[in-house]
Amino acid sequence: MSASSGYRYFSRRQIIGRGLAMAAVLLSGSLGVVTRLMAAGRPDAAFAQKHMSAAVSDLFGDLPVEKSERITIDMHDLAENGAVVPITILTDLEGVEAVAILAQENPIPLVALYEFDASLQGYLATRIKLADSTDVMVCVKAGGKVYQTSRFVEVTVGGCSA
Amino acid sequence: MAETIKIRARINQGVAEVRTLIRHPMTVTRVNPDSGEVTPGHFIREVVCSHNDKQVMRCHWGQGVSRNPYLSFHVENAAEGDRLTISWTDNQGASDSQSITL
């Protein structure tokens, strides 16, 4: 391959890359501006952590994590099927910015992170997998502070294989 | 990938109570202990919920969210005729989006 053809190939890639970047900018402009939601994107480092507390410090940095009675985790103490465990989170904290669900005994303790806009109420319900009997922790970032609460859930059949 | 998202919502005193079901396998990455063979997981990475073109919630999911995920949340300042959009993207690049009018 001659030098010139190599150069042409590179420039074509560049043009495509720039075109895609431009399209992305145009698209994000037309979809409306994200006001409160974090621009940081997916917390890959926190998903890679093998311990809840490490994942929490990856998510929220140096912010102190305070135990709070104002978060309620509504779920059964005994989960028969670890593959599908309903969980409802309620909080009356003002200005919720993010909610994280973690389970210590899961292979990946960070289950999910939800970024909230100001127009969302302190309510979230979903279904998660639990590999084994475990502490389930919910962290809520509100008004620039991080609050957490946790509870123990006994799992009869783990959801690891699901 | 059509029709993987079901959205139900009702307005209660200006608050939209949204419930969503997404059809998705949500499998985890597995390593066969005998052969060491790795079966890659297939799961939704991101879900974006918008209310009248304004993003109200962005979910970053890992492999710990159950198969056919259920998601429910409450949006304030909602009125009849408002548009609600849910879209997801998984780790294999597949995606889907669904809108409803409240």
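Tutor: The largest cavity holds about 30 Å³ of space. The model is a predicted one, where local features need pLDDT of at least 70, side-chain atom pairs count only at pLDDT 80 or more, and totals for chains, interfaces and linings use all residues. Residues are numbered from 1 along each chain as its sequence is written, chains are lettered from A and ligands numbered from 1 in the order in which they are written, and side-chain values use heavy atoms, with hydrogens and water left out.

Rolling a probe the size of a water molecule over the atoms shows where empty space is left. On a 1 Å grid over the protein atoms alone, a cavity is a set of points where a 1.4 Å probe fits but cannot get out; a pocket is an open set with protein on both sides within 12 Å along at least five of seven lines; and a lining residue has an atom within 4 Å of a point. Grid points are joined across faces, edges and corners, and a volume is the space filled by probe spheres set on the points. By this rule there is 1 cavity of 30 Å³ or more.

The lining of the largest cavity consists of Ile89(A), Thr91(A), Val96(A), Val99(A), Phe116(A), Gly122(A), Tyr123(A) and Leu124(A). Two or more of these residues come from each of strand S4 (85-91), strand S5 (96-103) and strand S7 (120-128) of chain A. S7(A) gives the largest share, 3 residues. Strands (E, at least two residues) and helices (H or I, at least four) are DSSP runs, numbered from the N terminus. By class, 6 lining residues are nonpolar, 2 are polar and none is charged. Here Ala, Val, Leu, Ile, Met, Phe, Trp, Tyr, Cys and Pro count as nonpolar, Asp, Glu, Lys and Arg as charged, and the others, Gly among them, as polar.

Next comes an open space. The second largest pocket has a volume of about 160 Å³. It is lined by 12 residues, and the closest to its centre are Pro107(A), Ile108(A), Val28(B), Gln63(B) and Gly64(B). Its lining has 6 nonpolar, 5 polar and 1 charged residues.

Now for the chains themselves. Chain A has 3 helices and 9 strands, in the order α-α-α-β-β-β-β-β-β-β-β-β along the sequence. Of its 162 residues, 41% count as buried, meaning under 20% relative accessible area, with exposed over 50% and partly exposed in between (1.4 Å probe, protein chains only). One residue to look at is Thr149(A), in strand S9 (residues 145-157) of chain A. Thr149(A) has a relative accessible area of 13%, so it is buried. Leaving aside neighbours within four places in sequence, Thr149(A) is in contact (heavy atoms within 4.5 Å) with Ser68(A), Ile71(A), Ile73(A), Val136(A), Met137(A) and Val138(A).

Chain B has 0 helices and 9 strands. Its radius of gyration is 16 Å, well over the 13 Å that the globule rule gives for 102 residues, so chain B is more spread out than a compact globule. That radius is taken over C-alpha atoms, and the rule is 2.2 Å times the number of residues to the power 0.38. Along the principal axes, the C-alpha atoms of chain B fill a box of roughly 55 × 20 × 20 Å. Of the 102 residues of chain B, 47% count as buried.
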